[in-house]
Amino acid sequence: MENSILSSSFSIFLLLLLPFLTHHVKPVNGFPLSTDSRWIVDDHTKQRVKLACVNWVSHLDTVVAEGLSKQPLDMISKKIVSMGFNCVRLTYPTFLATDDSLASLTVRQSFQNLNLTTFIAGFQKNNPFFLDLSLIQAYQAVVSNLGDNNIMVILDNHLTKPGWCCSNNDDNGFFGDKYFNPDLWIRGLTRMATLFKGVSNVVGMSLRNELRGPKQNVGEWYNYMPKGAEAVHSANPNVLVILSGLSFDTDLSFLKTRQVNLSFTGKLVFEMHWYSFTDGGVWGTGNPNQVCGKVSQRVMDAGGFLLQQKYPLFLSEFGLDQRGTNVNDNRYLNCLMGLATELDLDWAYWTLIENYYLREGVIDAKESYGILHWKRYEIRNSTMLKKISALRYPFQGPGQESQLHKVIFHPATGLCVQKQTLNETLPLGDCSKSEAWSYTADKSLVLNGTSFCVQVDELGKSPKLGVNCSDSNSKWEMISDSKMHLSSKLNNANGTLVCLDVDSSSRVVINPCKCLSEDHACDPASQWFKLVDSTRSPST
């Protein structure tokens, strides 16, 4: 009887949406996606597709994508593209899919019910057609317009009851909580998977954001997460099925000894979150090299090992204060850039918006992590955005088929070491155009296809390329706990230890190594470099 009632309710739900689905959904080329070992690939070409996403919030009290009262939808979508993102992780609450009385509310009614009528004028100016759409139709309209702009979408089940996420005691955290009924959750996933079946730019579904709270346990994770995954795949076999871990999606370590058992293959992806506050206040109290080393190891132990197990790992949330004044955030980002580039992770930045309609009772609440300034429609921190753009390009994977080599990556700028002529300085430039280097067994950095290696000359000067690669000033070691100081020795009587550095003019130079340990006030970022494996041909 219950199944009959649910089936009837779902039929009504879909009938209400049929006119919208028929007239507004357009195909996007190149999808669906699947997995090939640890890589996400185009199902047709089998070449890698690297997710470079931004989170767009649509799970708060209004259940409407944030910012639509500020700018026209199509302008926002085009801005997302112009900023270099190819994907949106679009959040939603379970009740949008399971509570027909909520889903059928119009956008106008949703704002009126919350006494947010001041935003209605903004909708009337920027997106007037939204006001009389139901909430579920409004969600679909966003997905459709993103598709019109060739932007992939991951549907993210952020929580059950609309509102801010997340805390340990918000009753949305784990199976069995007041607002986390497992059967209702599976029903909601099934509805969303069915609703967006055939919508080609919907390439994945994230089953649940940030599992947490006093009830969380590994046993129930293995009980319910596979059921959710099977429900999604059964309803929509095209989408990637993305599973999160415990402790606010910072812990997948239990998968080291027991993998999830599913009936299907080629669609499973795992996700993790990583913020500066994930590890408490360590970025403000510890030496950045030592902190980065410890935190990077924690990330590898908590989820990075999945790459060795041949599963894709999606860093589905990371972010920082866009005002640029938070020292802890800035240090954390440099460390994250090094590890995320080394691992060549798929990722999603938190978040697109600068303001929320309503967050925890505050109207027009500020979001310090938001990329876009809505009123001026400008990027709030272009330096940060340019920096993370280095993460967009795939360094390895199917379709990147040149010979394995190294690129010398500088996390603080998001740029890579290049060469001009043999007698000139080594500049920083776009990593997609970086030369191929080899790091030899005797610790020389050799320019591929030549006999030239990187050599120390003198302090304050740029390193040079030379052919005598046997001397100590041609040997480079990764030192410090971060493993990001590239050090060599001057060819003098003392064999002075020096490190690659980047000066205020963005030149690669040789300086004494700094901030290697203990001093928590010292910032080593200018001297952090990563030797990143790549099979990518320059400018591809």
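Asn287 caps the N-terminal end of helix α11, with a side-chain oxygen 3.0 Å from the backbone nitrogen of Asn289. Helices (H or I, at least four residues) and strands (E, at least two) are DSSP runs, numbered from the N terminus. The model is predicted: local features need pLDDT of at least 70, side-chain atom pairs count only at pLDDT 80 or more, and totals for chains, interfaces and linings use all residues. Residues are numbered from 1 along each chain as its sequence is written, and side-chain values use heavy atoms, without hydrogens and water.

**Helix α11**
- α11 covers residues 288-308 and bends by about 60° at Asp301. The bend is the angle between axes fitted to the seven residues ending at a residue and the seven starting there.
- Of the 21 residues in α11, 15 are buried (under 20% relative accessible area; exposed is over 50%, partly exposed in between; 1.4 Å probe, protein chains only).
- Lys310 follows α11 and has a positive phi, near 75°.

**Nonpolar cores**
- The largest nonpolar core holds 128 residues. Such a core is a set of buried Ala, Val, Leu, Ile, Met, Phe, Trp, Tyr and Cys residues joined through side-chain atoms within 4.5 Å.
- Trp56, Leu68 and Trp221 have the most contacts inside the largest core.
- α11 gives the largest share of this core, nine residues.
- A second, separate core has 20 residues, including Leu445 and Val502.

**Cavities**
- Five cavities reach 30 Å³ or more. A cavity is a set of points, on a 1 Å grid over the protein atoms alone, where a 1.4 Å probe fits but cannot get out; lining residues have an atom within 4 Å of a point.
- The largest cavity has about 70 Å³ of space. Volume is the space filled by probe spheres set on the points, which are joined across faces, edges and corners.
- Strand β9 (313-318) and helix α12 (327-343) each give two or more residues to the lining of the largest cavity.
- That lining has 10 nonpolar, no polar and no charged residues. Ala, Val, Leu, Ile, Met, Phe, Trp, Tyr, Cys and Pro count as nonpolar, Asp, Glu, Lys and Arg as charged, and the others, Gly among them, as polar.
- Among the lining residues are Met272, Trp274 and Val299.

**Two buried sites**
- Thr91 lies in strand β4 (residues 87-93). Thr91 is buried, at 0% relative accessible area.
- The side chains of Thr91 and His59 are joined by a polar contact of 2.8 Å.
- Val142 sits in helix α7 (residues 135-148). Val142 is buried, at 2% relative accessibility.
- Val142 and Asp74 are 68 residues apart in sequence and 8.9 Å apart in space, C-alpha to C-alpha.

Note on methods. A polar contact is a pair of N or O atoms within 3.5 Å; within protein, one must be able to donate a hydrogen and the other to accept it, and residues adjacent in sequence count only if both atoms are side-chain atoms. On a 1 Å grid over the protein atoms alone, a cavity is a set of points where a 1.4 Å probe fits but cannot get out, and a pocket is an open set with protein on both sides within 12 Å along at least five of seven lines; lining residues have an atom within 4 Å of a point.
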